[in-house]
Each structure stands twice: as C-alpha cells, then as structure tokens.
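Please guide me through the reading of this structure, with the general idea given before each particular case.

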Amino acid sequence: MTEASQIHGDAVTVAAQWVADNPPRPDIIPQLKANFALTSLQAAEACALAQKFRVSRRAFD
C-alpha cells in the first residue's frame, strides 16, 4: 500500500489520481462526490493530494 492510500484511503487516492490526470474544472468537488462517493472533506483531500501528484510528476519528468 502506498503512503498516500494509508493516510487518505483508497477512494480518495483514486479520486486524486483522476483529478491529477484531467484538466482543472470549477465543479470538481461535486463531481468527485458523485463519481467516487466521497464526502466533502474527502473530495477536498483528493484535490490537495492531486496537486501533490501533479508537482511530483513535473519534478520527475
């Protein structure tokens, strides 16, 4: 299990990966709640984690 999934949970990590792989959108929190059955807090955590994923990708590209 990765460090991110240990801290946030698998659903949040999967949602974060989805956010990181797609262009930014203004309705991301409702979209994450609907598509991944997350709470508002989990959706916000997924967005924060997605930003970390994006930064890491840029650093290692």
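Q: How many residues has helix α4, and what span does it reach?
A: Helices here are DSSP runs of H or I with at least four residues, numbered from the N terminus. The expected span of a helix is 1.5 Å times one less than its number of residues. In this predicted model, helix α4 (residues 40-60) has 21 residues and reaches 30 Å from its first C-alpha to its last, close to the 30 Å expected.

Q: Which residues of α4 are buried, and which are exposed on its other side?
A: Buried means under 20% relative accessible area, exposed over 50%, and partly exposed in between, with a 1.4 Å probe and protein chains only. In α4, Ala43, Ala46, Leu49, Ala50, Phe53 and Arg54 are buried. Seen down the axis of α4, these residues fall within an arc of 155°, so they line one face of the helix; the arc is that of the directions from the helix axis to the C-beta atoms. Leu41, Lys52, Arg58 and Ala59 are exposed on the other side of α4.

Q: How many helices and strands has the protein chain?
A: A strand is a DSSP run of E with at least two residues. The protein chain has four helices and zero strands, and 28% of its 61 residues count as buried.

Q: Where is confidence lowest, and where is it highest?
A: The predictor's confidence in each residue is pLDDT, from 0 to 100. Its mean over the protein chain is 88; confidence is lowest in helix α1 (residues 3-8), at a mean of 56, and highest in helix α3 (residues 28-36), at 97.

Q: What conventions apply?
A: Residues are numbered from 1 along each chain as its sequence is written, and side-chain values use heavy atoms, with hydrogens and water left out. Local features need pLDDT of at least 70, side-chain atom pairs count only at pLDDT 80 or more, and totals for chains, interfaces and linings use all residues.
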